[in-house]
Amino acid sequence: MSTSTSSPHDIYKAQLIEARSQLLARIAFERGGVVSRADMAAEHFDNSFQSRAQIRSERETEFAMNEHETAELGDIDAALERIQAGTYGQCTDCGVTIAPARLNAYPTAKRCLDCQTVAELRR
């Protein structure tokens, strides 16, 4: 009788793959399907009944959301790459093991809490 146990990295990998899938589905839903940035922007120019200010505001909001989603997708992909490379759970700045509580709360974390605090203060 064999029992299969999943390593913590397998669990995080499954969570990250699911988060990636959900993010891509949300992006597709919000855009009404798979739509390129150019098509999304062109759609705003077809709304001649809207004021220029309203069109600009909507376009800026959509671009900001797109940038956020793109960054989130990049973070997920980077975490999956770290799992593949065997470096997931190690701080990319100092090399210490990232606390499991941090990874549970933020599975894409690439830094330990101390290094993340320093990185945020530098911004």
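**First stop: Leu-16 and its surroundings**

Select Leu-16 together with Ile-76, Ala-79, Leu-80, Ile-83, Tyr-88, Pro-107 and Thr-108: Leu-16 is in contact with these residues, its neighbours within four places in sequence being left aside. Contact here means heavy atoms within 4.5 Å. The model is a predicted one, in which local features need pLDDT of at least 70 and side-chain atom pairs count only at pLDDT 80 or more, while totals for chains, interfaces and linings use all residues. Residues are numbered from 1 along each chain as its sequence is written, and side-chain values use heavy atoms, with hydrogens and water left out.

**The overall fold**

Display the chain as a cartoon. The protein chain has 5 helices and 0 strands, and its elements run α-α-α-α-α from the N terminus on. Helices (H or I, at least four residues) and strands (E, at least two) are DSSP runs, numbered from the N terminus. Of the 123 residues in the protein chain, 27% are buried; buried means under 20% relative accessible area, exposed means over 50%, and partly exposed lies in between (1.4 Å probe, protein chains only). Among contacts with a separation of 6 or more, 50% are accounted for by residues 24 or more positions apart.

**The aromatic pair**

The structure holds 1 aromatic pair. The ring centres of Tyr-12 and Tyr-88 are 5.4 Å apart and the ring planes meet at 50°, so the pair is tilted. Rings of Phe, Tyr and Trp (its six-membered ring) pair if their centres lie within 6.5 Å; planes under 30 degrees apart count as stacked, over 60 as edge-to-face, and the rest as tilted. Distant parts of the chain are linked by this pair, with Tyr-12 in helix 1 (residues 8-31) and Tyr-88 in the loop between helix 3 (52-85) and helix 4 (100-105), 76 residues apart. Both Tyr-12 and Tyr-88 are buried.

**A buried arginine**

Next, select Arg-82, which is found in helix 3. Which residues does Arg-82 touch, not counting those up to four places away in sequence? They are Thr-87, Tyr-88, Thr-92, Thr-108, Ala-109 and Lys-110. The side chain of Arg-82 reaches the backbone oxygen of Ala-109 at 3.3 Å. Arg-82 is buried yet has no salt bridge, and Asp-75, the nearest side chain of opposite charge, is 7.1 Å away. Lys and Arg count as positive and Asp and Glu as negative; His and the chain ends are not counted.

Side chains of opposite charge can pair when their charged atoms come close. A search of the whole structure finds 4 salt bridges, a salt bridge being a side-chain nitrogen of Lys or Arg within 4 Å of a carboxyl oxygen of Asp or Glu.

Select Asp-77 and Arg-20, which form one of them, with the closest N and O atoms 2.6 Å apart. Asp-77 lies in helix 3 and Arg-20 in helix 1, 57 residues apart. Asp-77 counts as partly exposed at 23% relative accessibility, and Arg-20 is partly exposed with a relative accessible area of 28%.

Now select Arg-26 with Glu-69. In this salt bridge the closest N and O atoms are 4.0 Å apart, and it links Arg-26 in helix 1 with Glu-69 in helix 3, 43 residues apart. Arg-26 is partly exposed at 37%, whereas Glu-69 counts as buried at 7%.

Glu-72 in helix 3 and Arg-26 in helix 1 are 46 residues apart. Glu-72 is partly exposed, with a relative accessible area of 28%. Through shared partners, salt bridges join Arg-26, Glu-69 and Glu-72 into one network.

**Last stop: Glu-62**

Finally, select Glu-62, which lies in helix 3 and counts as partly exposed at 28% relative accessibility.

Technical notes
Polar contact = N/O pair within 3.5 Å; in protein donor to acceptor, adjacent residues only side chain to side chain.
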